[in-house]
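Good morning. I will take a few minutes to walk through one structure, and I will go from the contact between chains to single residues.

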There are 2 protein chains.
Amino acid sequence: MKLDTRLFSFTGGSRGQYRVTSQATLKGEPLPTVTHLDVVQGEATGETFVLRGVTSNLRYTTAFESAALRAIQAAPGRTAATCAALIPIRKSARWWDMPQDERRAIFEEQSRHTTIGMRYLPAIARRLHHCRDLPGEAFDFLTWFDFAPADAPAFDALLAALRQTKEWSYIDREIEYRLVREA
Amino acid sequence: MKLDTRLFSFTGGSRGQYRVTSQATLKGEPLPTVTHLDVVQGEATGETFVLRGVTSNLRYTTAFESAALRAIQAAPGRTAATCAALIPIRKSARWWDMPQDERRAIFEEQSRHTTIGMRYLPAIARRLHHCRDLPGEAFDFLTWFDFAPADAPAFDALLAALRQTKEWSYIDREIEYRLVREA
């Protein structure tokens, strides 16, 4: 897929398709407070800030895991999924300095990242954007989720489970926007 | 490491620190012919073209392989290494659509990419730059090599060995610049 179709911009300001219902800084420096957020495919300018990320190839997922995920996951954008969340995170240099097999072992064999996410499919849809290697970006990943209002407790449980893992001890900046679609 | 220090620009034109001794298109679209090339840390503008890439975390290398490489490899830039090469490559969608374990198996268990490279250490120094996820870039990787003139036959052998691997069947664009340092 052409890179132009893989690049997404998340813009924060006083208007946008999504209204911010809460903005929490879990670790590290906060971002400016905004009331609205927009999701734009491609480049965009933001009133208060813009965060950019690129969907890319799988970095840890095995063939078996990939097939299992594809069999049940949903893509973001379902009409009923009026609740959404944007979670920008950054991982420490200690994480990135590890070789592939050590990061994989912490990600899945120890932290069960994919296994935990599987439990909430297809209710919680997810799209991961990479930005560690993008010039000018402060985060490593932007994860976008959407779900129906009735699935908000399940989403809370998903976040709580992930944040207790060993993998999360390598996260040194994390911000959480909870959103409601208005348009 | 800050991203600004991980970004490298390779500029092609009629002047630069490196003189182009040969430019070959092995697969896919060629690049414009140039007589000189420069390597710049950070952003740069090029007279004829500029290729940008970012050094990043290891994508396939295990802890054992990483320790073995670190024990013997040299960094580019040695005074005696007056010969250099820049090899921009792109891999097919078929490659990128594979999950991590299948790409790893082709990369090392079947193609012996790291094992082949090890044979030529420390004579051939190498730095890999990623650009698949960089907006505006046409290649997936830019690999930079340097070596002393006496090691040019070893470098030829390294390229010949890699180009016979299964991994290389997934490469759909490859260009090779052979260079001599003038400054």
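This is a predicted model: local features need pLDDT of at least 70, side-chain atom pairs count only at pLDDT 80 or more; totals for chains, interfaces and linings use all residues.

The values I give are computed from it.

I begin with the contact between the chains. How many residues does each chain give? Chain A gives 25 residues to the contact, and chain B gives 25 residues. The two chains bury about 2100 Å² between them, and carbon and sulfur atoms give 50% of that area.

Next, the polar side of this interface. There are 18 residue pairs in polar contact across the interface of chain A and chain B, counting pairs with both residues at pLDDT 80 or more. On the side of chain A that touches chain B, the elements giving two or more residues are α1 (3–6), β4 (49–54), α2 (63–72) and α4 (100–110). Which of these gives the most? That is α4(A), with four residues. Sorted by class, this side of chain A has ten nonpolar, six polar and nine charged residues.

On to the charged pairs. Side chains of opposite charge can pair when their charged atoms come close. Over all chains, the count comes to 28 salt bridges. Across the interface of chain A and chain B there are four.

I will show two that join the chains. In one of them, the side chains of A:Arg6 and B:Asp133 meet, with N to O at 2.9 Å. Why does this pair join two chains? A:Arg6 lies in helix α1 of chain A, and B:Asp133 lies in the loop between β6 (125–130) and β7 (141–147) of chain B, so the pair spans two chains. Are these two residues buried or exposed? A:Arg6 is buried, with a relative accessible area of 6%. B:Asp133 also counts as buried, at 16% relative accessibility, because the cut-off for buried is under 20%. The other bridge is between B:Arg59 and A:Asp133, whose side chains meet at 3.0 Å, N to O.

Other salt bridges lie within a chain. In chain A, the side chains of A:Glu43 and A:Arg52 meet in a salt bridge at 2.9 Å, N to O. A:Glu43 counts as partly exposed, at 49% relative accessibility, whereas A:Arg52 counts as buried, at 13%. In chain B, B:Arg104 forms a salt bridge with B:Glu109, and the closest N and O atoms are 2.9 Å apart. Here B:Arg104 counts as buried, at 14% relative accessibility, and B:Glu109 is partly exposed, with a relative accessible area of 42%. Chain A also holds a network of salt bridges that links A:Asp156, A:Arg163, A:Glu174, A:Glu176 and A:Arg178.

Two residues remain. Where is B:Lys91? This residue lies in strand β5 (residues 83–91) of chain B. B:Lys91 is buried, with a relative accessible area of 6%. Its side chain makes a polar contact with the side chain of B:Glu167, at 2.6 Å. Leaving aside neighbours within four places in sequence, the contacts of B:Lys91 include B:Trp96, B:Phe141, B:Tyr170 and B:Asp172.

The other residue is A:His129, in strand β6 (residues 125–130) of chain A. A:His129 is buried, with a relative accessible area of 0%. What does its side chain touch? The side chain of A:His129 makes a polar contact with the side chain of A:Arg127, at 2.9 Å. A polar atom of the A:His129 side chain also lies 2.9 Å from the backbone oxygen of A:Leu142. Setting aside neighbours within four places in sequence, A:His129 is in contact with several residues, among them A:Phe8, A:Phe10, A:Val54, A:Asp140 and A:Trp144.

That is the end of the walk. I will take questions now.

Conventions
Residues are numbered from 1 along each chain as its sequence is written. Chains are lettered from A and ligands numbered from 1 in the order in which they are written. Side-chain values use heavy atoms; hydrogens and water are left out. Contact means heavy atoms within 4.5 Å. Buried area is the accessible area (1.4 Å probe) that two parts lose on being put together, summed over both. A polar contact is a pair of N or O atoms within 3.5 Å; within protein, one must be able to donate a hydrogen and the other to accept it, and residues adjacent in sequence count only if both atoms are side-chain atoms. Ala, Val, Leu, Ile, Met, Phe, Trp, Tyr, Cys and Pro count as nonpolar, Asp, Glu, Lys and Arg as charged, and the others, Gly among them, as polar. Buried means under 20% relative accessible area, exposed over 50%, partly exposed in between (1.4 Å probe, protein chains only).
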